[in-house]
Amino acid sequence: MTGRPSSEAKVSREPSPATDRIVEIRGRGLPLRGNDIDTDRIMPARYLRVVSFEGLEGHLFEDDRKSDPRHPFNDPRFAGATLLVVNRNFGCGSSREHAPQGLARCGIRAIVGESFSEIFQGNAAMLGIPCFVADPSSIGRLQELIERTPDAVLDANVESETIVAGSLQVTATLPAALRDGFVSGQWNPTSLLLARFDEVRAVANHLPYISGF
Amino acid sequence: MPQTLFHKVWNAHSVRTLPSGQTQLFVGLHLVHEVTSPQAFDMLRQHGLNVAYPDRTFATVDHIVPTDSRRRPFIDLMAEEMTTALERNCREFGISLWSPDTPEQGIVHVIGPALGLTQPGMTIACGDSHTSTHGAVGAIAFGIGTSQVRDVLASQCLAMEPMKVRRIDVNGRLAAGVYAKDVILTIIRRLGVQGGVGYAYEYGGSTIDRMTIEERMTVCNMSIEGGARAGYVNPDDTTFAFLRGRRFAPQGDAFDRAVSWWRKLASDPGAPYDDRVEIDASTIEPTVTWGINPGQSVSISESIPGSADEEALAFMGFERGRRVQGTRIDVAFIGSCTNGRLSDLEEAARIVRGHHVAPHVKALVVPGSNAVAREAEARGLHEVFRAAGFEWRGAGCSMCLGMNTDRLEGRQVCASSSNRNFKGRQGSPTGRTLLMSPAMVAAAAVAGEVADVRQMLPAPEEVPA
């Protein structure tokens, strides 16, 4: 079996660092309390019956929002928010990218939480959405601040790994590779993965199950 | 220096270190299904990219396929559109596809190992979190999102960071009526739904050693429910016997050469682990979930703990201190990539044989693949289930996630052999899922309520040879 890296010749360009760097995200916040919020809740499976991601924002947390009129995504005070503040193990379960796609299309540009599922954090990164991790008390303070003053502007900085909201400043970290990707503008790896395809072929051809044992 | 299987496989597939410090990892097998791929193919077209290794890419339809009638066009128009889109994409990019009308079609995690596509030492990716299933034969297999599906299609590679490895030893004998599903539910309960984040789980110990590959698949399948993106078992003689003669497995002399490579991949004695956990199999009882995540479970003889989460109790309508045993059920579902294989159906059939589903229960069996359905039918299992009042359906994901028309209604309670009891998971926003082994689902279907399968096991002399 041999690779057919016909993609190679067609790579348009490396991402332009000037336009694709993601260092600072500023905007109002949206506090979403609760642990272990899975991607089935973020985007119910019946809305995966689609062949594009368009319009998914309309179904974000649909069942939770219907059962709870006071759900933060129903609350007009938080409409137009940019930073989502969540608790523990956010985005667990299904690997559906439809979940972060819905959030992105709803205007969310960064998420701050106590912890994330690995797949969700990676999927969000592929869309240019950093998932910052902060300690539970910092998350609690951020959520309280936003609930008290929904108009407060938060400033999340990927490079300095801080979230600033008025007089409140908290440390919020990212996995080093994701952080460097956002800062350098190389958070979408497709072109990098295609850049040196001869090396890919060399590794593949060396694998016993490809060379026929 | 001794190494784990994870590190050996990772190193063999590492292309280079990317500027971010991530590894460019070659993906040996890419599995594709209809739900998470259409947008990825569109992205390829948008950027003028092609599929780098179409011969290492295989597709099937599983999530939205109807399980009642396979007649095309499907009555469900969206199912038809998604199936057609996958057919068109696979044709355009030269990828093998098993459509619903082919004998090979089935849940991607059931057919991969059954066809011998899944082999020890491979890296395997699929736009589906239950890809961890394939670790049962000693592969490093994990779920990815659609943008990553695009990357694998375009380059056969992913940008990733290595995982830590936690060794989970399960030692001792499982009692009759206790299954692989109970083992993994117990592991998740012990380590938590987030405990595995950042880890690959390496399962071992005498209990795992004695398990069949199908049982190991059940265990590895739910690694992700414990937060671990990958889970695996070191390849051994059971693995090699399972693979021999399978369609895509190496044949003849190549098989023997493959076995000698596969043997060397197993974790070395003294390999370093980032963490170790030991579980005594003799303490595991039939296990059932009471909450809204797979870590919220109890043994059948146990009461819901005092520390139980309020939100979960309110959603499920349970109270602290009561047992799940005796809970009236509305639906019984046997199937899914966790427990939709032949041995699962055989074990469930043992329980229902000669009994009938309680009158108020809707019960269905959804084989994991067309091949599983054929094998089960050859053994007469469909007749056993039908005689007992179960519906015998076509292969697919079905009521595990309710993407086709098999869904819970309202607040129905479902005894389910699937993998997730999330709010709304089985298609009704207020539907309630109780996860358990297929044998426990069979017992619940007959009793009309959650029951202890140990009290319903046929006496040894009644067990068919």
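Me: Does Cys397(B) count as buried or exposed?

Reply: In this predicted model, local features need pLDDT of at least 70 and side-chain atom pairs count only at pLDDT 80 or more, while totals for chains, interfaces and linings use all residues. Residues are numbered from 1 along each chain as its sequence is written, chains are lettered from A and ligands numbered from 1 in the order in which they are written, and side-chain values use heavy atoms, with hydrogens and water left out. Buried means under 20% relative accessible area, exposed over 50% and partly exposed in between (1.4 Å probe, protein chains only). Because its relative accessibility is 7%, Cys397(B) counts as buried.

Me: How far is the sulfur of Cys397(B) from the closest cysteine sulfur?

Reply: A disulfide is a pair of cysteine sulfur atoms within 2.5 Å, and a search over all chains finds zero of them. For Cys397(B), the closest cysteine sulfur belongs to Cys337(B), too far for a bond because the separation is 6.6 Å.

Me: Which cysteine has the sulfur nearest to that of Cys400(B)?

Reply: Cys400(B) counts as buried, at 5% relative accessibility. Cys400(B) is in no disulfide, and 6.0 Å away lies its nearest cysteine sulfur, that of Cys337(B).

Me: What area is buried between chain B and chain A?

Reply: The contact (heavy atoms within 4.5 Å) takes 81 residues from chain B and 62 residues from chain A. Buried area is the accessible area (1.4 Å probe) that two parts lose on being put together, summed over both. Carbon and sulfur atoms give 58% of the area buried between chain B and chain A, which is about 5,800 Å².

Me: Which residue of chain A meets Arg425(B) in a salt bridge?

Reply: A salt bridge is a side-chain nitrogen of Lys or Arg within 4 Å of a carboxyl oxygen of Asp or Glu. Three are found across the interface of chain B and chain A. In one with an N to O distance of 2.9 Å, the side chain of Arg425(B) meets that of Asp40(A).

Me: How many residues of helix H5 (residues 118-126) of chain A are buried?

Reply: Helices (H or I, at least four residues) and strands (E, at least two) are DSSP runs, numbered from the N terminus. Among the buried residues of H5(A) are Ile119(A), Phe120(A) and Met126(A). At the N-terminal end, Ser117(A) caps H5(A), with a side-chain oxygen 3.4 Å from the backbone nitrogen of Ile119(A). H5(A) is mostly covered, and of its nine residues the number buried is eight.

Definitions and conventions:
Polar contact = N/O pair within 3.5 Å; in protein donor to acceptor, adjacent residues only side chain to side chain.
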